[in-house]
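I opened my notebook to look at one protein chain, piece by piece. Here are my entries.

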Amino acid sequence: MEFKQNKFLPVEKQIVTANPDVNTVDLCGDDNFIVLACDGIWDCMSSQQLVDFIHEQLKTESKLSAVCERVLDRCLAPSTAGGEGCDNMTMILVQFKKPLGSNASADDQLSESKSADAPEGSESVASTHN
């Protein structure tokens, strides 16, 4: 609560707020994934650094939870003496599934892309580190 005590500022302008930064972008056919993350991640890595890091991880790791863990480990401070990497970190990684090889039938592609707990054609995972 000490970060919300400036009586000269409205709630959304206080140091700590629940109002997110929101950007709207059109997805392209070559988009592979999207990341939603809190400032604990963005304080440590730029958008491009995170994209590059995730692309590298996805070359050798298919489990999104493992990729998220690697991001959190990368951002985690080596000590709790303060500074970068000491904030709470939460991220959601959503990977867009690409159509299977052209030799598979449309029905096969559709059945392979469905998931019980994710929107059709996508896979997602969330990770948190306190």
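**Entry 1: Glu61.** I looked up Glu61 and found it buried, with a relative accessible area of 16%. Buried means under 20% relative accessible area, exposed over 50%, and partly exposed in between (1.4 Å probe, protein chains only). I noted that this is a predicted model, in which local features need pLDDT of at least 70, side-chain atom pairs count only at pLDDT 80 or more, and totals for chains, interfaces and linings use all residues. Residues are numbered from 1 along each chain as its sequence is written, and side-chain values use heavy atoms, with hydrogens and water left out.

**Entry 2: its surroundings.** Where does Glu61 lie? I found Glu61 in the loop between helix 2 (47-60) and helix 3. Helices (H or I, at least four residues) and strands (E, at least two) are DSSP runs, numbered from the N terminus. The side chain of Glu61 reaches the backbone nitrogen of Lys63 at 2.9 Å. Glu61 also makes a side-chain to side-chain polar contact with Arg70, at 3.4 Å. A polar contact is a pair of N or O atoms within 3.5 Å; within protein, one must be able to donate a hydrogen and the other to accept it, and residues adjacent in sequence count only if both atoms are side-chain atoms. I then set aside neighbours within four places in sequence: Glu61 is in contact (heavy atoms within 4.5 Å) with Ala66, Val67 and Arg70.

**Entry 3: helix 3.** I checked helix 3, residues 64-75. Its 12 residues reach 17 Å from first C-alpha to last, close to the 16 Å expected. The expected span is 1.5 Å times one less than the number of residues. Which residues of helix 3 are buried? I listed Leu64, Ala66, Val67, Cys68, Val71, Leu72 and Cys75.

**Entry 4: the core.** Of its 17 residues, Ile41, Ile54, Val71, Met91 and Leu93 touch the most other members. Strand 1 (33-37), helix 2, helix 3 and strand 2 (89-96) each supply at least two residues of this core. Helix 3 gives the largest share, six residues.

**Entry 5: the whole chain.** I read the elements from the N terminus as β-α-α-α-β-α-β. That order holds four helices and three strands. Of the 130 residues in the protein chain, 23% count as buried.

Methods: A nonpolar core is a set of buried Ala, Val, Leu, Ile, Met, Phe, Trp, Tyr and Cys residues joined through side-chain atoms within 4.5 Å.
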